[in-house]
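Hello,

Here is the structure I promised to pass on. Please open it and follow along with my notes below.

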Amino acid sequence: MSDSAGGGVPMEELQLATRNHGMPLEALRYPVTPVGLHYLLIHYDIPAIDPSAWRLRVDGCVERPLELSLAELRAMPATTRVATMECAGNGRALLDPRPASQPWLVEAVGTGEWTGVALDHVLAAAGLDGDAVEVLFTGADRGVEGGIEQAYQRSLPVEVATSADVLLAYELNGAALPPQHGFPLRVVVPGWYGMTNVKWLTTITAVGEPFAGYQQATAYRLRRAEDEVGEPVERMVPRSLMVPPGIPDFYTRARTLGPGDCELTGRAWSGTSPIVAVEVSADGGASWDTAEVDPEPPAVGAWQGWRFRWHAVPGDHELCCRATDATGARQPLQPEWNTGGYANNAVQRVAVHVTDAAQSSGPRL
């Protein structure tokens with residue numbers, strides 16, 4: 001199926017866009033994203049899993065292989081973490097030329113309150129041996145990608161997998177994981193892009209050499225050309241997003257706003273360190289002002305709120321926001337192209353038309 005529709009968007013991409021969804025930007029107002037508004041990317045099909053029969057297998061380079069039921073996992077010490085999760089392809093559709101895949105704009109993000117068992121607790125119970133270099137996660141979802149039939153699999157270096165942050169989550173926002181978010185168990189790796197957080201988890205395998213499966217060695221790598229080995233996509237780079245002010249046109253989403261003081265609000269995050277600054281521009285990035293940023297996030301990689309008082313004057317404006325994290329990394333004005341369309345954290349741009357006072361009658365935010 002290669003016919004295109006919707007202004008040249010291939011049918012394959014439209015199919016992906018109907019299966020997956022982003023977070024409406026007005027949901028940035030919530031510190032924790034309501035479950036139905038959190039972004040979703042489902043690589044293959046949502047598997048049907050009987051929780052009474054399901055077991056998590058822990059094997060490979062371990063002293064004591066385990067097989068754990070959901071009840072046994074729930075009986076272990078529980079941990080809750082607030083974590084922001086962003087798709088590695090967020091912003092892909094804004095690249096030119098556009099890499100062919102899920103056509104994300106900037107909405108592929110959400111922040112959840114995840115509850116489960118610390119992965120290092122389970123690995124300690126199994127007893128990692130000295131030969132283990134990575135921990136491999138296998139999901140119940142299967143499909144074909146790159147011409148290869150496969151279960152969805154990703155791995156983490158042992159030093160990351162045994163850190164205190166990684167979670168085997170069975171709840172989201174205080175309730176059991178919904179089917180689309182990986183019921184009954186998924187991995188949550190704060191600070192890392194979404195593809196790392198394997199859903200519908202069935203097996204954890206400690207391996208003695210780096211995993212070379214499709215999702216690790218072929219997909220999710222930064223390449224300028226297809227024949228490059230490329231660098232792996234791992235931690236989220238700094239990004240900020242704003243709640244678009246005013247009211248939208250239904251089709252174009254162009255914003256209309258009355259004149260006067262307007263509080264711009266949004267969220268910013270980075271997978272490596274807290275956000276230390278957010279700047280706002282009303283002229284497409286020609287000049288910048290400093291926004292107020294909330295204190296350090298509640299956990300590694302969780303987003304922080306920001307706000308800025310903008311005096312809107314009649315005319316057309318292009319609002320932008322950009323974040324800087326504690327390492328000094330800052331969002332660029334323009335994206336850097338790569339074959340997979342990954343990690344495009346160029347500044348968000350929101351076109352706003354400010355009416356004169358006589359025309360203004362709608363809500364300000």
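Start with Thr 33, which sits in the loop between α1 (11-19) and β3 (56-60). Helices (H or I, at least four residues) and strands (E, at least two) are DSSP runs, numbered from the N terminus. This is a predicted model, where local features need pLDDT of at least 70, side-chain atom pairs count only at pLDDT 80 or more, and totals for chains, interfaces and linings use all residues. Residues are numbered from 1 along each chain as its sequence is written, and side-chain values use heavy atoms, with hydrogens and water left out.

Is Thr 33 buried or exposed? Its relative accessibility is 1%, so Thr 33 counts as buried. (Buried means under 20% relative accessible area, exposed over 50%, partly exposed in between, with a 1.4 Å probe and protein chains only.) Not counting residues up to four places away in sequence, Thr 33 touches Met 23, His 38, Gly 110, Thr 111, Asn 173 and Trp 303. Contact means heavy atoms within 4.5 Å.

Next, Val 237. Look in the loop between β14 (231-232) and β15 (239-242). Val 237 is partly exposed, at 27% relative accessible area. Beyond its neighbours within four places in sequence, its contacts include Tyr 193, Trp 269 and Ala 343.

Last, helix α3 (residues 119-126). Leu 119, Val 122, Leu 123 and Ala 126 are buried there. Seen down the axis of α3, the buried residues fall within an arc of 100°, so they line one face of the helix. The arc is that of the directions from the helix axis to the C-beta atoms. After α3 comes Gly 127, with a positive phi near 75°.

Best wishes
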